[in-house]
Amino acid sequence: TNMTSASTPKNAFLHPFAKPTKDSFIKLVRGQGALVWDDKGNELIDGMASLWYCAVGHGRKEIGDAVAKQISTLEAYSTFDPFTNEPVEELAEKLISLCPMHDARVFFCGSGSEAVDSAMKLARLAHVQAGHPERTVIISRMRGYHGTNYGGTSAQGLPLNKIGYGPLVPDVEQVASDDLEAMSVLMSQRGNTIAAVLAEPLQGAGGVYPPTPGYLEGLRKLCDQHGAFLIFDEVITGFARLGTWFGANFYNVNPDLLCFAKAVTSGYQPLGGVFVGKAVRKSLEADTDFILRTGYTYSGHASACVAAITNLEIIERENLIERATHIGKRIGDALNALVRDGVIESARGDGAVWAAGLHSTQNSIKIRDRMLELGAITRAINADTNTFCPPLVITDAQLDKLLDAFATAASGK
């Protein structure tokens with residue numbers, strides 16, 4: 001029994017993506033702009049916008065006030081038939097005005113994982129409603145990350161994240177991430193059983209891999225050819241990160257379903273959604289007696305919607321879309337200079353989301369930990385990648401400090 005008690009963590013909180021036995025974590029207590037502070041008073045530059053999401057930066061009283069006002073007016077109410085509320089209607093209108101797809105509608109949920117699972121369900125369902133229930137196969141890419149619900153877990157292209165959860169969702173298959181030929185072959189083999197292709201325009205959590213030239217255009221073409229829907233997972237790329245509203249705009253390819261979350265509220269409230277394009281709408285709306293039997297308690301949560309509305313106002317008012325391009329160029333230039341100097345192996349990115357590819361002699365976790373000592377936050381992915389996705393309000397001085405900290409840590413200093 002002694003051994004058991006000795007190894008029992010003190011924490012009541014079981015952390016996500018962490019060792020269940022670990023019990024010491026950095027406790028953050030405050031944030032302002034691109035800075036956060038821990039309970040020991042250390043100031044850290046947030047090089048990751050928390051987890052790819054805090055576009056407008058921390059400590060925005062404006063969002064806090066707007067959400068508080070809504071909470072004390074009507075905090076939330078179910079949007080299942082027959083109810084709706086003002087914030088969800090206003091947000092839906094706003095989002096449709098920004099949406100790259102024509103004639104889309106928007107479905108709301110609580111997170112990126114829920115958005116992905118909803119899109120997978122809607123894709124299969126639309127085929128059923130169109131008289132093609134045999135179309136169930138969903139094809140995703142290796143290295144892809146699509147959240148951790150069962151649909152998204154099944155679609156992930158990161159094998160370690162799929163182990164231990166028993167049978168996953170059937171008819172969900174992966175192909176090599178940049179191989180259009182392999183995708184074409186698999187789609188031909190699966191023929192008229194294909195429901196959709198699910199892809200991040202830029203693969204984010206797998207280590208920041210922009211698409212190879214022509215790849216997304218190729219996916220669009222293959223989907224059209226095979227009668228499949230194209231689903232974009234824009235949970236990371238959506239809402240200004242690439243210097244455009246969406247990755248669909250940046251890469252100039254439009255999907256049939258587009259998943260979003262993260263920067264839609266900059267994390268001030270949890271919110272996700274799916275843009276439902278014309279082709280999918282047509283099937284869902286064809287039978288006037290049909291009832292859509294999916295959704296969530298918090299679909300169209302009024303207070304979360306107010307956070308989104310206010311967040312989007314800030315992005316527009318402060319020109320954070322243009323700012324993302326400036327930030328991205330600065331990060332890209334700095335990382336490419338380190339490649340030329342041999343400090344790191346490679347640099348990958350688009351817009352304001354970047355990764356440093358490390359040499360085999362380097363370790364991303366050691367670099368991350370050294371950077372924390374130097375007052376800056378990066379994310380370590382595998383042993384060979386450190387990522388950068390700062391709030392779009394980061395100042396040039398803060399950005400330089402972040403990149404200098406990385407250069408120091410990567411140089412083993």
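Helices here are DSSP runs of H or I with at least four residues, strands are runs of E with at least two, and both are numbered from the N terminus. The structure is a predicted model, in which local features need pLDDT of at least 70 and side-chain atom pairs count only at pLDDT 80 or more, while totals for chains, interfaces and linings use all residues. Residues are numbered from 1 along each chain as its sequence is written, and side-chain values use heavy atoms, with hydrogens and water left out.

The expected span of a helix is taken as 1.5 Å times one less than its number of residues. Helix α8, with twelve residues (215-226), reaches 16 Å from its first C-alpha to its last, close to the 16 Å expected at 1.5 Å a residue. Its buried residues, where buried means under 20% relative accessible area, exposed over 50% and partly exposed in between (1.4 Å probe, protein chains only), are Y215, L216, G218, L219, R220, L222, C223 and H226. These buried residues of α8 pack, with contact meaning heavy atoms within 4.5 Å, against strands β5 (137-141), β7 (194-199) and β8 (229-233) and against helices α7 (180-190) and α9 (247-251). Helix α8 is followed by G227, whose phi is positive, near 70°.

For helix α3 (residues 61-74), 14 residues at 1.5 Å a residue should span 20 Å, and the end C-alpha atoms are 20 Å apart, which agrees. The buried residues of α3 are I63, V67 and Q70. They cover an arc of only 60° around the axis, which puts them on the same side of α3; the arc is that of the directions from the helix axis to the C-beta atoms. An α-helix has 3.6 residues a turn, so residues three or four places apart point the same way.

On the other side of α3, K61, K69, S72 and T73 are exposed.

## Cavity and pocket

Both kinds of space are found on a 1 Å grid over the protein atoms alone: a cavity is a set of points where a 1.4 Å probe fits but cannot get out, a pocket is an open set with protein on both sides within 12 Å along at least five of seven lines, and lining residues have an atom within 4 Å of a point. Grid points are joined across faces, edges and corners, and a volume is the space filled by probe spheres set on the points. A search of the whole structure finds one cavity of 30 Å³ or more, and about 30 Å³ of space lies in the largest cavity. Its lining consists of W52, Y53, C54, A55, I236, G238, F239, R241 and A263. With Ala, Val, Leu, Ile, Met, Phe, Trp, Tyr, Cys and Pro counted as nonpolar, Asp, Glu, Lys and Arg as charged, and the others, Gly among them, as polar, this lining divides into seven nonpolar, one polar and one charged.

The second largest pocket has a volume of about 1100 Å³. Of the 27 residues that line this pocket, the closest to its centre are T79, R105, V106, F107 and L292. Helices α4 and α10 (278-285) and strand β4 (105-109) each supply at least two residues of the lining, and the largest share, five residues, comes from α4. By class, the lining of the second largest pocket has 15 nonpolar, six polar and six charged residues.

## The loop between α3 and α4

T79 is placed in the loop between α3 and α4 and, at 24% relative accessibility, counts as partly exposed. Not counting residues up to four places away in sequence, T79 touches T84, N85, V88, S299 and G300. P82 is also placed in the loop between α3 and α4, and a cis peptide bond with omega of about 15° joins D81 and P82.

## Positive phi values

Most residues other than glycine have a negative phi, and most peptide bonds are trans. S50, in helix α2 (residues 49-52), has a positive phi near 65° and is partly exposed, with a relative accessible area of 34%. K262, in the loop between strands β9 (257-260) and β10 (272-276), has a positive phi near 30° and, at 21% relative accessibility, counts as partly exposed.
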